[in-house]
Amino acid sequence: MPQIGIGFHTDAFNSSHKSFEQALAWAQENDVHYIEPGVIEGACWIHGLGYFPHISLLEDPALLRKKMERYGVEFSQIDAAYPLSGRDGLTVGVPYVQKAIAWAALAGSPRVATTDGLHKPEGLEDREALDLMKRSYGEIIRVAEAHEVVVTIEVHGYFTTRADWLAEMLAFCGDSPWLRLNLDTGNTFIAGNDPVRFADRFLDKIDHVHIKDVSQSLADSVRGGATGIAISHVAAGDGVNAENIRQILAKLSDNGFDGVLSIECEGQGGPMLADSLSWLRKEIAAAGFTERVPAFA
């Protein structure tokens with residue numbers, strides 16, 4: 001029976017202005033052992049005052065890793081998804097991601113998430129943008145290989161929600177094991193795709209999954225006209241994407257997936273996230289998974 005990790009993105013605590021340590025405490029209280037924060041380069045007041053549930057590259061990665069272990073939590077990945085499809089992908093996005101990779105290696109994070117922009121890049125033809133991203137990912141994967149950190153491409157934007165372009169992006173660096181897919185079930189759906197068919201095409205590339213449901217009202221208003229959801233305002237299992245998620249879990253199980261499912265929802269300071277967690281634990285059992293717990297937890 002395949003083992004799988006369950007975690008959550010700390011976006012769940014954005015609106016309640018919790019700190020990263022409060023997110024760790026929630027994880028410990030709810031027996032969750034994987035966490036996925038966003039990462040900033042530098043410092044800002046909202047982070048320093050504890051109103052921001054993400055992390056800074058100025059924090060010492062080894063000390064943070066030890067703190068997390070006291071809570072029984074480790075990183076599933078860190079989110080460094082600055083859009084790489086625009087003109088500033090090379091000048092801003094690449095150094096940001098490269099620094100996140102080196103930091104992740106010291107912090108014990110096995111993955112770093114990346115993505116494209118939500119919209120067609122201004123001033124660039126599609127082929128020009130893809131060529132720029134290929135160069136960007138070449139520089140990023142060179143660093144990822146050195147640090148042995150997997151870089152995931154998240155389904156989130158203009159290029160990544162189109163299966164043929166995503167396939168091209170995943171082949172930017174040949175068959176490198178360091179470039180993999182972060183499947184987002186909600187973004188795939190809201191872009192107008194069939195999430196089950198989309199996942200089936202990339203099963204062997206999936207290394208990390210965002211579990212994201214979609215409300216009926218949001219689907220009715222923007223499906224097919226948007227590429228990503230900033231944060232879902234419905235618990236996993238309570239939206240119109242639940243059956244798709246259920247079928248994707250079955251396919252992942254059949255394919256021997258052993259990565260992490262990271263819940264993405266608004267959270268409401270915890271309750272919506274707790275509902276999502278309860279639903280997902282039932283669904284992974286039904287799909288034939290057992291939940292993995294780190295050795296130190």
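Predicted model: local features only at pLDDT ≥ 70, side-chain atom pairs only at ≥ 80, totals over all residues.
## The cores

Start with the inside. The largest nonpolar core has 82 residues, and the members that touch the most others in it are Phe8, Phe75 and Leu261. Apart from that core lies another one of 5 residues, including Phe189, Ile190, Ala219 and Ile229.

What does Leu261 touch, leaving out residues up to four places away in sequence? Its partners are Ile4, Gly5, Ile6, Gly7, Val209, Ile211, Leu249, Leu252, Leu280 and Ile284.

## Helix H4

Now pick out helix H4, residues 93-107. With 15 residues at 1.5 Å a residue, H4 should span 21 Å, and this agrees with its end C-alpha atoms, which are 21 Å apart.

Which residues of H4 are buried? They are Gly93, Val94, Tyr96, Val97, Gln98, Ala100, Ile101, Trp103, Ala104 and Ala107. As a rule, an α-helix has 3.6 residues a turn, so residues three or four places apart point the same way. Just after H4 comes Gly108, with a positive phi of about 85°.

## Two loop residues with positive phi

Most residues other than glycine have a negative phi. His17 isn't a glycine, yet its phi is positive, about 55°. You'll find His17 in the loop between strand E1 (3-9) and helix H1 (20-29). His17 has 45% relative accessibility, so it counts as partly exposed, the class between 20% and 50%.

Glu148 is another non-glycine residue with a positive phi, near 55°. Look for Glu148 in the loop between helix H5 (126-147) and strand E8 (150-154). Glu148 counts as exposed because its relative accessibility is 60%, and exposed means over 50%.

Conventions. Residues numbered from 1 in each chain as written. Heavy atoms only, no water. Core = buried A, V, L, I, M, F, W, Y, C linked by side-chain atoms within 4.5 Å. Buried < 20%, exposed > 50% of the residue type's maximum accessible area, 1.4 Å probe, protein only. Contact = heavy atoms within 4.5 Å. Helix = DSSP H or I, 4+ residues; strand = E, 2+ residues; numbered from the N terminus. Expected span 1.5 Å × (residues − 1).
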